[in-house]
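Here are my notes for someone opening this entry for the first time. Please keep the structure in view while reading.

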Amino acid sequence: MRGVALQVRGLHAGYDKLVVLSGVDLEISRGEWLALLGPNASGKTTLLHCIAGMLIPSAGSISICGHSLRQEAMGAKRRLGFGCAPEGLPNLLTGRQCLEVHAAAKGLAAIDADVLALADEFAFTDMLDRFVGAYSLGTKQKLAVLLALLGEPALVVLDEAFNGLDPASALVLKKHLRARVSAGRCAVLLATHALDVVERYSDRAVLLLGGRIARQWSGAELAALRAMPGEGLEAALAAAAVGASGAA
Amino acid sequence: MSQPGSLPANVPRRLSRRPHLAAALLRWRNAFRLRRARTLGIGALCAALVAVVLAVPPTGAILQWFGASPIITFAVSACLFGLSAVRRQERMRSDAAISWLAALPVPSSSVLRLVLAAAIRLLAAIAAVGLAWIVGWLAAAAAVRLVYVVAAGALTGTLAGSPLSGGAATGSPGWHYASVRRARPHWATAPSLVPLSYWPVAQGRIFSRPRTSRVMLFALLAIPAGRRDPGEVAIAVAAGCLTVFTLLSLSTAAVRAAGDAARWLAPTTIRRRTFVAAFIWQVAVKQAAVLAVVILLSCAVDYPQALRVGSAIASAYLAISCAAIGVACVRACHRVGLGAAGRGT
């Protein structure tokens with residue numbers, strides 16, 4: 001049995017009086033890649049921040065590999081790799097310092113060899129001793145992904161990780177994540193608008209609309225959409241959005 | 001209701017042709033509306049602090065001394081306003097290239113912004129002198145003379161400081177002031193929290209802008225002081241200003257960077273105490289080093305007195321600074337859930 005990497009039950013969250021998530025249920029198994037889709041301001045980043053423990057939900061529960069984020073936060077976070085938004089990276093540290101600090105903060109004895117190998121594949125090594133603030137958007141994304149993968153996390157959570165990456169680096173990342181997932185080393189939750197990644201690499205996809213999961217696509221459905229000439233997931237997403245607004 | 005393409009009705013119409021000023025005004029107004037209670041609270045706290053500072057006898061003695069020494073007062077005022085103009089211009093230049101309004105075919109209103117900032121500072125200085133007169137530290141004639149001298153210094157300083165930092169927009173928010181530490185040719189594989197403390201120190205250097213601080217040092221050293229030993233007074237004033245500026249820059253930088261650092265490390269398993277210690281220690285060491293040098297130099301003038309008074313002041317400042325940074329760190333940790341072992345049932 002693969003085991004549940006992430007379980008979200010009845011999650012409600014927001015900012016002050018603004019309700020963003022209302023009753024989200026989600027489950028990801030180890031060895032599974034789940035794509036989180038949704039229009040802008042649908043609550044994707046809020047959901048990811050709740051899972052990373054950065055935002056306290058008003059109701060509901062989150063557990064990572066069986067550890068409740070509320071009651072056993074350290075146990076849960078030990079199994080989490082979170083790729084923060086590029087603007088959340090420290091501009092006044094260098095890439096190397098970010099890796100050192102993040103690895104130490106995760107309690108690691110050494111920086112993982114395959115993270116270093118991935119950095120080499122990203123052609124990131126030349127940027128190591130420059131301030132993060134001087135990086136381009138794509139280079140910041142690479143660093144955010146490398147930080148998320150430190151410490152062999154059982155759950156990798158990425159927010160728009162392909163945004164700004166050049167095609168070669170994006171392909172390297174897709175293959176790397178796919179290899180990790182296929183080997184059962186981790187589960188991946190990726191919030192994205194890149195539909196090619198969803199169609200070709202994800203095992204499942206969910207659509208978040210108005211703070212709820214409005215639609216899910218299984219692996220077989222994604223494969224069927226991939227085979228459809230011309231339209232595919234893009235048309236399915238539009239249809240789901242129209243259906244959801246009609247029902248509302 | 002506002003017309004399409006126009007600013008909202010409650011923004012002064014004159015600002016419609018000056019989007020940089022309008023944006024600044026709206027930013028301040030929105031920040032006030034968003035955190036009305038906090039802003040009013042901070043304002044009240046500042047007012048109370050000013051009242052307390054003005055009420056203590058040494059303030060009266062200092063103001064009377066400045067009132068009786070118009071040349072020094074003029075020089076100090078000119079230096080401070082000149083430095084402020086240089087720094088503001090530098091900031092406007094660095095912002096110009098990355099501003100969201102950069103591509104608009106309108107003037108950036110830099111002169112007006114410079115004059116407005118100087119006018120606000122001058123009004124604050126005049127208000128402080130007025131309060132000193134109300135409290136009774138200054139006679140009416142002395143207060144008026146002080147206002148004239150400060151205003152003349154402000155005008156001279158702003159005019160002199162404005163052309164000093166001319167040049168093209170840089171688009172760099174001052175990273176050149178912070179230096180890269182421990183650049184190495186090969187991959188480091190040893191995790192370490194030490195670099196975390198470089199962050200507030202680098203931010204402090206950007207805040208203190210060492211280049212403009214040097215301008216201030218030379219300007220202050222040129223003050224023709226009127227006391228028994230003009231050189232000593234001038235150097236003491238310069239060193240005091242630079243020391244206070246450096247210390248405050250480091251403290252402010254650490255307090256301000258604490259939130260970002262906690263947010264960045266929130267998804268990790270780092271403990272709160274470890275985070276606070278790792279974040280603070282370089283700032284504390286830097287501040288202790290600066291204070292130690294000042295005490296050492298002061299000891300050359302008056303050994304026992306400087307050591308006694310200097311040690312007490314240095315210890316008090318270090319304690320207050322570390323406490324403020326620590327509180328900022330703990331608050332930030334709490335806000336983003338860093339180091340929380342569990343949050344209730």
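**Notes on chain A**

1. Start with one lysine. A:Lys142 sits in helix α5 of chain A. Bear in mind that the model is predicted.

2. Is A:Lys142 buried or exposed? A:Lys142 has 27 other C-beta atoms within 10 Å. The cut-off for a buried residue is 20 or more, so A:Lys142 counts as buried.

3. Which residues does A:Lys142 touch, leaving aside its neighbours within four places in sequence? They are A:Phe122, A:Phe124 and A:Ser169. A further pair can be checked by distance.

4. Now the helix itself. Helix α5 of chain A covers residues 137–149 and lies across β6 and β7 (155–159) of chain A. Against β6(A), helix α5 runs at about 175°.

5. Helix α5(A) also packs on α3(A). The angle is about 20°, and the axes are 10 Å apart. Angles under 35 degrees count as roughly parallel, so α3(A) is roughly parallel to α5(A). The crossing of the two helices is right-handed.

6. Who makes that contact? From α3(A) come A:Gly95, A:Cys98, A:Leu99 and A:His102. From α5(A) come A:Leu143, A:Leu146 and A:Leu147. The residues of this contact divide into five nonpolar and two polar, with no charged ones.

7. Next, the sheet. Six strands of chain A form an open sheet in the order β6-β7-β8-β3-β9-β10, and the pairing is mixed. Strands β6 (80–83) and β10 (212–217) of chain A each have a single partner strand, so they stand at the edges with one side lacking a neighbour in the sheet. Neighbouring strands are turned by 20° against each other on average, direction ignored.

8. One pair inside the sheet deserves a look. Strand β3 (residues 33–37) and strand β8 (residues 187–191), both of chain A, run parallel and are joined by four bridges. A:Trp33 stands opposite A:Val188 in β8(A).

9. Last, the partner chain. How many residues of chain A are in contact with chain B? There are 38, and they meet 35 residues of chain B. On the chain A side, the elements giving two or more residues are α2 (73–78), β6 and α3 (95–105). The largest share, eight residues, comes from α3(A). By type, the chain A side divides into 22 nonpolar, eight polar and eight charged residues.

10. To tie this up: α3(A) packs with α5(A), and α3(A) also gives eight residues to the side that touches chain B.

Methods
Residues numbered from 1 in each chain as written. Chains lettered and ligands numbered in written order. Predicted model: local features only at pLDDT ≥ 70, side-chain atom pairs only at ≥ 80, totals over all residues. Pairing = 2+ DSSP bridges. Axes fitted to C-alpha atoms, helices over the stretch in contact; angles between N-to-C directions. Contact = placed C-beta atoms within 7 Å. Nonpolar A, V, L, I, M, F, W, Y, C, P; charged D, E, K, R; others polar. Parallel < 35°, antiparallel > 145°, perpendicular 65-115°, else oblique. Left-handed = near helix turned anticlockwise from the far one by under 90°. Buried ≥ 20, exposed ≤ 12 C-beta atoms within 10 Å, placed from the backbone.
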